[in-house]
Amino acid sequence: MSSEWVHTHLPCPNCASSDAYSINDRGWGRCFSCGVNIKEDEDGEPSKPRGKQVATDKPLVPFGEYRALSKRKLTEETCKKFGYFIGSFKGELVQVAPYYDEEGKLCGQKLRFANKDFRATGELKRAVLFGCLLFIRLSRA
Ligand SMILES: [Zn+2]
């Protein structure tokens, strides 16, 4: 039985690729560039039994600051463009990638910790392609 990719051509949270990352219908993300596999569990706790709808009001990480991420070859400008910011999650500095739903509302975030752990907030499942909002903004301008 093969799984289907429900989100494709996403920017990879682990490497510099802007479109090699996909998420399948089982909630696994995979990058075809660097090969990373990430469980897109909304709790960030893969061992937890699923089935029950997770609460939708997971707290989102508040905005911190835009900063150039030289290791990932992201300039401050690029980070700003994609709303990719540095915030604080339970006292730890995290890189936060915002995800938006079809109406352009922030519906989730992907957090990347310094130790390369990942965690998701909100409802990433409802999110449309990362970067879409940018397009929506531009097309409405
Ligand atoms: Zn990658």
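A: What follows goes through a set of paired strands in this predicted model, and then turns to one cysteine. Begin with strand S6, which covers residues 92-100, and strand S7, which covers residues 106-113. These two strands run antiparallel to each other and are joined by seven bridges. One of the positions to look for is Pro98, whose bridge partner in S7 is Gln109. S6 and S7 form a hairpin with five residues between the strands. In this hairpin Gly104 has a positive phi, near 85°.

S7 also pairs with strand S8, residues 118-122. The pairing is again antiparallel, with five bridges between S7 and S8. The hairpin of S7 and S8 has four residues between its strands. Lys116, in that turn, has a positive phi of about 75°.

Cys31 counts as buried because it has 20 C-beta neighbours inside 10 Å, and 20 is the number at which a residue is called buried. Leaving aside residues up to four places away in sequence, Cys31 touches several residues, including Cys12, Cys15, Tyr21 and Val36. Thr8 lies 23 residues from Cys31 in sequence, and the C-alpha atoms of the two are 9.7 Å apart.

How values were computed:
Residues are numbered from 1 along each chain as its sequence is written. This is a predicted model: local features need pLDDT of at least 70, side-chain atom pairs count only at pLDDT 80 or more; totals for chains, interfaces and linings use all residues. Two strands pair if DSSP finds at least two bridges between them. A residue is buried if 20 or more other C-beta atoms lie within 10 Å of its own, exposed if 12 or fewer, and partly exposed in between; C-beta atoms are placed from the backbone. Two residues are in contact if their C-beta atoms, placed from the backbone, lie within 7 Å.
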